[in-house]
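Colleague: Please take a close look at one part of this model for me. I want the side-chain contacts in order, with the cut-offs spelled out.

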Amino acid sequence: MTPSFWSSLPGIITALGSVVTVIGTFFLSQQKSNHEEQQALYDQVKKERDQTKKERDEYYNKWKNSESENMKLKKELSKK
């Protein structure tokens, strides 16, 4: 004896709901993973940018110090 359509309908709805839940969970987990990758990439770029800025500031400070030393030497030479 085969079950009638109406008696099997709750089982079909439950199965479809389970499939939709699994698919939705999969896509949401992929989206979260993508977000974590983007955050890691952003952190890496920010770290590199900060390092570059630090190096640029150090170079500028060395240049500024050498300029002031050059000015002192020029003044000393002009006095002689």
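Modeller: Aspartate 57 and lysine 53 both sit in helix α1, 4 residues apart, about one turn of the helix. Helices here are DSSP runs (H or I, at least four residues), numbered from the N terminus. This is a predicted model, where local features need pLDDT of at least 70, side-chain atom pairs count only at pLDDT 80 or more, and totals for chains, interfaces and linings use all residues. Residues are numbered from 1 along each chain as its sequence is written, and side-chain values use heavy atoms, with hydrogens and water left out.

Aspartate 57 and lysine 53 form a salt bridge, with the closest N and O atoms 3.1 Å apart. The term means a side-chain nitrogen of Lys or Arg within 4 Å of a carboxyl oxygen of Asp or Glu. Aspartate 57 is partly exposed, at 33% relative accessible area. Lysine 53 is partly exposed too, at 41%. Partly exposed lies between buried (under 20%) and exposed (over 50%), using a 1.4 Å probe and protein chains only.

The whole structure holds 2 salt bridges. Lysine 46 and aspartate 50 also meet in one, at 3.8 Å, N to O. These two residues lie in helix α1 (residues 5–79), again 4 residues apart. Lysine 46 is partly exposed at 34%. Aspartate 50 is partly exposed at 39%. Side chains of opposite charge can pair when their charged atoms come close.
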